[in-house]
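Colleague: I'd like to learn how to read charged side-chain contacts and strand pairing in a model. Can you walk me through this one?

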Amino acid sequence: MLTQEQFWPSICRLDGRELRTLERGRPFDVVSVDDAGVVLSPAVSGKLRTIQRETLEETFSALIDRRELTGVAIAEEFSAFNAVYVAALLAALPDVAPCIRPTRLIFVGHQLFYMG
């Protein structure tokens with residue numbers, strides 16, 4: 001199960017990968033990951049975008065707490081300008097299941113009940 005401690009090392013493993021936005025499937029490259037955040041390059045524009053580590057960590061914490069986050073919630077609460085990229089980065093992690101139309105992430109790392 002993906003934990004808060006494993007979160008940033010998991011994000012670091014995305015360095016150099018090409019990912020796609022969830023809803024429209026638009027490709028972007030993870031150009032670099034460091035202690036400050038993630039630098040992305042969308043294929044459409046090529047303009048570099050930086051997403052702060054704190055933004056990603058806060059979004060992931062909310063996902064663990066709520067078990068589900070919509071794209072709208074990510075945009076309203078954490079990152080209005082980069083919400084589609086935040087969602088795609090989190091969706092690339094283990095224990096996070098993406099859904100589209102509407103965009104939402106479900107944290108599947110916690111079982112809702114245990115069989116004894």
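Colleague: What do the side chains of Arg-104 and Glu-68 form?

Modeller: A salt bridge means a side-chain nitrogen of Lys or Arg within 4 Å of a carboxyl oxygen of Asp or Glu. Here the side chains of Arg-104 and Glu-68 make one, at 3.3 Å from N to O. This pair ties together distant parts of the chain: Arg-104 sits in strand β7 (residues 104-107) and Glu-68 in strand β5 (residues 68-70), 36 residues apart. Helices (H or I, at least four residues) and strands (E, at least two) are DSSP runs, numbered from the N terminus.

Colleague: Before we go on, what kind of model is this, and what goes into the values?

Modeller: It's a predicted model, where local features need pLDDT of at least 70 and side-chain atom pairs count only at pLDDT 80 or more, while totals for chains, interfaces and linings use all residues. Residues are numbered from 1 along each chain as its sequence is written, and side-chain values use heavy atoms, with hydrogens and water left out.

Colleague: Are Arg-104 and Glu-68 buried, partly exposed or exposed?

Modeller: Buried is under 20% relative accessible area, exposed is over 50%, and partly exposed is in between (1.4 Å probe, protein chains only). Arg-104 has 27%, so partly exposed. Glu-68 is partly exposed too, with 35%.

Colleague: How many salt bridges does a search of the whole structure find?

Modeller: Four. One of them is between Asp-35 and Arg-53, with the closest N and O atoms 3.6 Å apart. Asp-35 is in the loop between β2 (27-33) and β3 (37-42), whereas Arg-53 is in helix α2 (residues 53-66), so the pair links distant parts of the chain, 18 residues apart. Asp-35 is exposed at 63% relative accessibility, while Arg-53 is partly exposed at 23%.
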